[in-house]
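The following paragraphs lead the reader through selected features of one protein model. Please keep the sequence and the structure in view while reading.

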Amino acid sequence: MSKQFDVIVIGGGPGGYIAAIRAAQLGKNVACVDEWKNAKGGPAPGGTCTNVGCIPSKALLQSSEHFEQANHHFADHGITVKGVAMDVAKMVARKDKVVTQNNDGILYLFKKNKVSFHHGRASFVKAVEAGYEIKVTGAADETLVGQQIIVATGSNARALPGAPFDEEHILSNDGALRMGAVPKKLGLIGSGVIGLEMGSVWRRLGAEVTILEALPIFLGAVDEQIAKEARKAFDKQGLKVELGVKVGDIKTSKKGVSVAWTNAKGEAQTLEVDKLIVSIGRVPNTIGLNAEAVGLQLDERGAIVVDADCKTNLPGVWAVGDVVRGPMLAHKAEEEGVAVAERIAGQHGHVNFNTVPWVIYTNPEIAWVGRTEQQLKADGVAYKAGTFPFLANGRARALGDTTGMVKFLADAKTDEILGVHIVGPMASELISEAVVAMEFKASAEDIARICHAHPSLSEATKEAALAVDKRTLNF
Ligand code: NAI
């Protein structure tokens, strides 16, 4: 007899594990199947985010930032440090520990919420009267039946044609997070989120970093003024970014990697590096899902086709996160997971795609929500802009971190906030206020009239809101 569940969640990343917990909270009998293995072959739920993405990258960004501070900025505070050295193996081991704590946390949450966890790969077998038969191949092979299925199988790194990942010389996000030593020369293809974060980590630790980017503009999705400010800071740090490049042949040898490329002027160039990280986006992952067995519809990119409610073409089958349309962000996946669980339970789950924040955890951090100035122009929306530099913020001066600004974009007529863009210290935390404001359809004046703690970086947010009405108090 196969085990019967109300809901089977395939994939234990942020989309899947959160969906499983929420469905269980709502009284459903839930199973979650995830195949990720830790170094000992045991379960490591949490998906890309926990194992080779958001969490480990933030651990390395923190370690490398401490190193950078000790080497270059402690002296400003009167602190003399001698013999600063980096033990890369220890840094990576610490990162691995942080990952394990998160894996274990998810297993604990499954127990607490009575989610039945199955370690293995799930694939569709067939539709049956009671739902769908799902085969689990793992430590113990078994067959489960779920009345409702939530597919949350995530995404995989996209490789360049002719240059498959070997994780030795040509690295994906996975290899980029577990280099055993600092490469003397590091190349990256793609100056997106991963390119900038990983480039920052290894540059801080001493690598000579070159990033080759196909687009002629830097961070095309970011507000232009903010991207320009960030670029200035990265240039100063020595993070070399070449724009408008065309990458040609990539050859690996014992010595490293050789990348043939053409610059924006059309001149042929060669980049010789010890390691090459390819960070040119990700592709939805449906490998081994056996989608065709049940007729689950995929689009030309291999993503599962869903409607606005994450419903697929099959009754009772839903899909969330990186495997469907929309930004490949852990928090977007989580929101979809919660909404689907609530819909299954007869509630009205909702995701507001207009208020999904974005964060790039470089130094300075870059964070935004809503539309950019260039998008508003393209959409023909009349808007007012207000900016406030961290240079004029007391807390930022005290921290010794005055790079960047907060920028508000509000409707010219109604003053409703249409976008908030931040480059600077703790942008990742500051952006939450803007997300809340936009969820509640606040005006720039609403934020300008709210009492913000002094001294705090959040005062820059208030001042940028005041700037929309041209009445900053401290600038
Ligand atoms: P991305 O989409 O952020 O950036 C890819 C970059 O590669 C783009 O700038 C693109 O123009 C460039 N590119 C594409 N093909 C190229 C080629 N042939 N030659 C040179 N450049 C090329 O993708 P990335 O950085 O790989 O990240 C993957 C996903 O992971 C993203 O969706 C991102 O949102 C997510 N992620 C999110 C993080 C966060 O929220 N902080 C951290 C890391 C990843």
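In this predicted model, Lys114 lies in the loop that joins H4 and E3. Although Lys114 is not a glycine, its phi is positive, at about 60 degrees. Lys114 is also exposed, with a relative accessible area of 69%. A positive phi is found as well in Lys470, again a residue other than glycine, where the value is near 55 degrees. Lys470 belongs to the segment after H14 and, at 75% relative accessibility, counts as exposed.

Strand E3 itself spans residues 116–128 and contains Ser123. Is Ser123 buried or exposed? Ser123 counts as buried because its relative accessibility is 10%, and the limit for a buried residue is under 20%. Beyond residues up to four places away in sequence, Ser123 touches Glu133, Ile134 and Lys135, and also Gly288, Leu289 and Asn290.

The next topic is the packing of two helices. Helix H3, residues 54–72, packs with helix H6, residues 193–204, at an angle of about 35 degrees, and their axes are 8 Å apart. The crossing of H3 and H6 is left-handed. On the side of H3, the contact involves Ser57, Lys58, Leu60, Leu61, Ser64, Glu65, Phe67 and Glu68, while H6 contributes Glu197, Met198, Ser200, Val201, Trp202, Arg203 and Arg204. Sorted by class, these residues comprise 6 nonpolar, 3 polar and 6 charged.

In soluble globular proteins, nonpolar side chains tend to be buried together. The largest nonpolar core of this model has 37 residues, of which Leu186, Leu196, Met198, Trp202, Leu219, Ile277 and Ile366 touch the most other members. At least two residues of this core come from each of H3, helix H4 (88–112), strand E8 (185–189), H6, strand E9 (208–212), helix H7 (224–237) and strand E18 (365–370). Met198, one of the core residues named above, touches Ser57, Ala176, Leu177, Leu188 and Ile277, when residues up to four places away in sequence are not counted.

What of the cysteines? A disulfide is a covalent bond between the sulfur atoms of two cysteines. A search of the whole structure finds 0 disulfides. Cys54 takes part in none, and the nearest cysteine sulfur, that of Cys49, is 3.3 Å away; the cut-off for a disulfide is within 2.5 Å. Cys54 is partly exposed, with a relative accessible area of 31%. For Cys310, the closest cysteine sulfur belongs to Cys32 and is 16 Å away, which is too far for a bond. Cys310 is buried, with a relative accessible area of 2%.

Pro425 sits in the loop between strand E21 (417–424) and helix H12 (427–439) and counts as buried, at 7% relative accessibility. Apart from its neighbours within four places in sequence, Pro425 contacts Phe390, Asp401, Thr403, Leu430 and Leu457. Gly404 is 21 residues from Pro425 along the chain, and the C-alpha atoms of the two are separated by 7.9 Å.

Methods
Residues numbered from 1 in each chain as written. Predicted model: local features only at pLDDT ≥ 70, side-chain atom pairs only at ≥ 80, totals over all residues. Heavy atoms only, no water. Helix = DSSP H or I, 4+ residues; strand = E, 2+ residues; numbered from the N terminus. Buried < 20%, exposed > 50% of the residue type's maximum accessible area, 1.4 Å probe, protein only. Contact = heavy atoms within 4.5 Å. Axes fitted to C-alpha atoms, helices over the stretch in contact; angles between N-to-C directions. Left-handed = near helix turned anticlockwise from the far one by under 90°. Nonpolar A, V, L, I, M, F, W, Y, C, P; charged D, E, K, R; others polar. Core = buried A, V, L, I, M, F, W, Y, C linked by side-chain atoms within 4.5 Å.
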